[in-house]
Amino acid sequence: MPESTTKSLTLSSNFEEIQRLESFVHELQEWTGFDDDFFSNIMLALSEAATNAIVHGNQQDESKKVYIEANVEDGHLIISIKDEGEGFDPSNLPNPLQDKNLLKEGGRGVYLIKQYADKVNYSKGGTKVTIEFEI
């Protein structure tokens, strides 16, 4: 297990940047030693969070960045994703499992992140999400 150091990645706000996440998660895997099944959980949660930051946070404005930072503390991998947008209130999101929302395109990212992570916290007015995984 690594000592408490930090790994980081900065993305521009365009969809092509999402491709860079896979190598970042591989780097985290080498750093912490988590298995391939766990890799998929982290990849899904991180790609949802980064996509939300690019699309909803930064409105795909390529002059704005998405900042990703990962560290390990007490057996937990903690990843924060911060955008340069206006923020949002995650408690005001519609429930994607309600019948009226089942066929809607989109609206499941925050739900999926919560399903795959052990802990999710929004801060800085909704411009930062911290996702925690027990490793």
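## A walk through the predicted fold

Aspartate 74 sits in the loop between β2 (65-73) and β3 (76-82), where helices (H or I, at least four residues) and strands (E, at least two) are DSSP runs numbered from the N terminus. Its phi is near 50°, a positive value in a residue other than glycine. Aspartate 74 is also exposed, at 76% relative accessibility; here buried means under 20% relative accessible area, exposed over 50%, and partly exposed in between, with a 1.4 Å probe and protein chains only.

Before going on, some housekeeping. This is a predicted model, in which local features need pLDDT of at least 70 and side-chain atom pairs count only at pLDDT 80 or more, while totals for chains, interfaces and linings use all residues. Residues are numbered from 1 along each chain as its sequence is written, and side-chain values use heavy atoms, with hydrogens and water left out.

Lysine 124 also has a positive phi, about 50°, although it is not a glycine. Its place is the loop between β4 (119-123) and β5 (128-134). Lysine 124 counts as exposed, with 56% relative accessibility.

Now step back to the whole chain. The secondary structure comes to 3 helices and 5 strands, and reading along the sequence gives the pattern β-α-α-β-β-α-β-β. Of the 135 residues, 41% count as buried. Contact means heavy atoms within 4.5 Å, and among contacts between residues at least 6 apart in sequence, 62% join residues at least 24 apart.

On to the helix packing. Two packed helices are described by the angle between their axes and the distance between the axes. The axes are lines fitted to C-alpha atoms, for helices over the stretch in contact, and the angles run from 0 to 180 degrees between N-to-C directions.

Take α1 and α2: their axes come within 10 Å and cross at roughly 135°. The two helices are therefore oblique to each other; by the cut-offs, angles under 35 degrees count as roughly parallel, over 145 as roughly antiparallel, 65 to 115 as roughly perpendicular, and the rest as oblique. On the α1 side, the contact is made by Leu21, Glu22, Phe24, Val25, His26 and Gln29, and α2 brings Asp36, Phe39, Ile42, Met43, Leu46, Ser47 and Ala50. By class, that contact has 8 nonpolar, 3 polar and 2 charged residues. For these classes, Ala, Val, Leu, Ile, Met, Phe, Trp, Tyr, Cys and Pro count as nonpolar, Asp, Glu, Lys and Arg as charged, and the others, Gly among them, as polar.

Helix α2 (residues 36-57) also packs with α3 (residues 109-116), at an angle of about 150° and with the axes 9 Å apart. That makes α2 roughly antiparallel to α3. The crossing here is left-handed. From α2, Asn41, Leu44, Ala45, Glu48, Ala49 and Asn52 meet Gly109, Val110, Leu112, Ile113 and Tyr116 of α3. The residues of this contact divide into 7 nonpolar, 3 polar and 1 charged.

While you're on α2, have a look at valine 55, which is found in that helix. Valine 55 is partly exposed, at 23% relative accessibility. Leaving out residues up to four places away in sequence, valine 55 touches Phe15 and Gln60. Valine 55 and asparagine 14 are 41 residues apart in sequence, yet 8.2 Å apart in space, C-alpha to C-alpha.

That leaves the charged pairs. A salt bridge is a side-chain nitrogen of Lys or Arg within 4 Å of a carboxyl oxygen of Asp or Glu, and by this rule the count comes to 2. One of them joins glutamate 27 to lysine 7, with the closest N and O atoms 3.8 Å apart. Since glutamate 27 lies in helix α1 (residues 20-32) and lysine 7 in strand β1 (residues 6-12), the pair ties together parts that are 20 residues apart in sequence. Glutamate 27 is partly exposed, with a relative accessible area of 37%, and lysine 7 is partly exposed too, at 22%.

The other pairs arginine 20 with glutamate 17, the closest N and O atoms being 2.9 Å apart. Arginine 20 counts as partly exposed, with 35% relative accessibility, whereas glutamate 17 is buried, with a relative accessible area of 14%.

Terms used
A crossing is left-handed if the near helix is turned anticlockwise from the far one by less than a right angle, and right-handed if clockwise.
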